[in-house]
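Trainee: I would like a close look at a single part of this model. Please keep to what can be computed from the atoms.

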Amino acid sequence: MNILHLLVSGGTGGIETLCKEYALRSRNRNIIICLWGSGVISEEMEKAGITVLDRTFSKKDVVGTMRYMLEICKQYDIDVIVTQHESPILHFYMNAIHFMRPKIKTIAYAHSNAVDMCEEKRKRGLAFRKSELRYSFDHANVDIAISNSVKDSLYKELKLKRNRVEVVYNGVDLEKFHLGSYKKNNAFTFIYVGRLIEEKGVQNTIKALSMLPKSLPWRLWIVGEGSYKSTLEKMAAGKVCLCNDNGAIPEIIQDGNNGFLIPTQDIKATSNKMSEIIRNYDTPYMREVELNARERARAFSIENYVKTLDNLISNL
């Protein structure tokens, strides 16, 4: 089948990277269209032999963009369109093409919870964003959410009328991560992975570390990327994960078994758990937690992800 993936751009991001990994392994032919500019990931796709179309259109040129996309659908004999980014205008184009070309199937993809997708803190245009996303998820041939948490948010925030949301967990390439031997350093290293915005709580991580006893030296690496994929990557590498107990994380982490969960925004609890991990890191229990994390990550391999999505598409 010929699949057209709609992206806002081809810049660095988890969605763009996942599209690349899927296209490299899928049994389908995948065409990636970046409507408003190329970027690092789309350039990597092209070098890998993936078909990438990155003509930049004005967001106001709705007619020109629509004509171009209809031409692409005809040229590549598109069977399925997948809207990857939450931009309402992308969903509008997908829905319009499906209206004019009913034989083309559509997939509305939710990579984040509905509140974030609708940008509810930005009041201007909120009604339009909600309306367009609600229509898209209610009328697509199938909806995909990256977790049960995201699925629940779609029903709660968008008031969807049908029960057609499939959960497909993101995948990571396990071959990139290998278990290493533990080497005790002078300072214990923590890695924060997440978007560098207040809502993600990087400031709480820093505050919690500052509360640690002086006898426990530490250092912090901050990686400005996001989504729960980062948690899977740490698990795949056999690292102890310390995560907030919100969103999709509890679907992955079993507290005390393959990682640790802490109450969101509870800085004191975070600091106490950090201290506990540092003091006990070279114990057999922590080795078991790391091995359990690695084993749990196998369920979220990129191969499982591609197989699941391919099967879902083939059954449309």
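Which residues of strand β6 (residues 142-145) point one way and which the other way, and are they buried or exposed?

Mentor: V142 and I144 point one way from β6, D143 and A145 point the other way, and all of them are buried. Buried means under 20% relative accessible area, exposed over 50%, and partly exposed in between, with a 1.4 Å probe and protein chains only. Strands (E, at least two residues) and helices (H or I, at least four) are DSSP runs, numbered from the N terminus. In a regular strand, side chains alternate between the two faces of the sheet.

Before going on, the basis: this is a predicted model, in which local features need pLDDT of at least 70 and side-chain atom pairs count only at pLDDT 80 or more, while totals for chains, interfaces and linings use all residues. Residues are numbered from 1 along each chain as its sequence is written, and side-chain values use heavy atoms, with hydrogens and water left out.

Now the neighbours of β6. Strand β5 (residues 105-110) pairs with β6 in the parallel sense over 4 bridges; two strands pair if DSSP finds at least two bridges between them. Within this pairing, V142 in β6 is the bridge partner of I107, and I144 in β6 has Y109 opposite. With strand β7 (residues 165-167), β6 pairs in the parallel sense over 3 bridges. There the bridge partner of I144 is E166 in β7.

Placed in the whole sheet, β6 belongs to an open sheet of 7 strands in the order β3-β2-β1-β4-β5-β6-β7, with parallel pairing. Its edge strands are β3 (51-53) and β7, each pairing on one side only. Neighbouring strands of this sheet are turned by 25° against each other on average, direction ignored. Such angles run from 0 to 180 degrees between N-to-C directions, and axes are lines fitted to C-alpha atoms, for helices over the stretch in contact.
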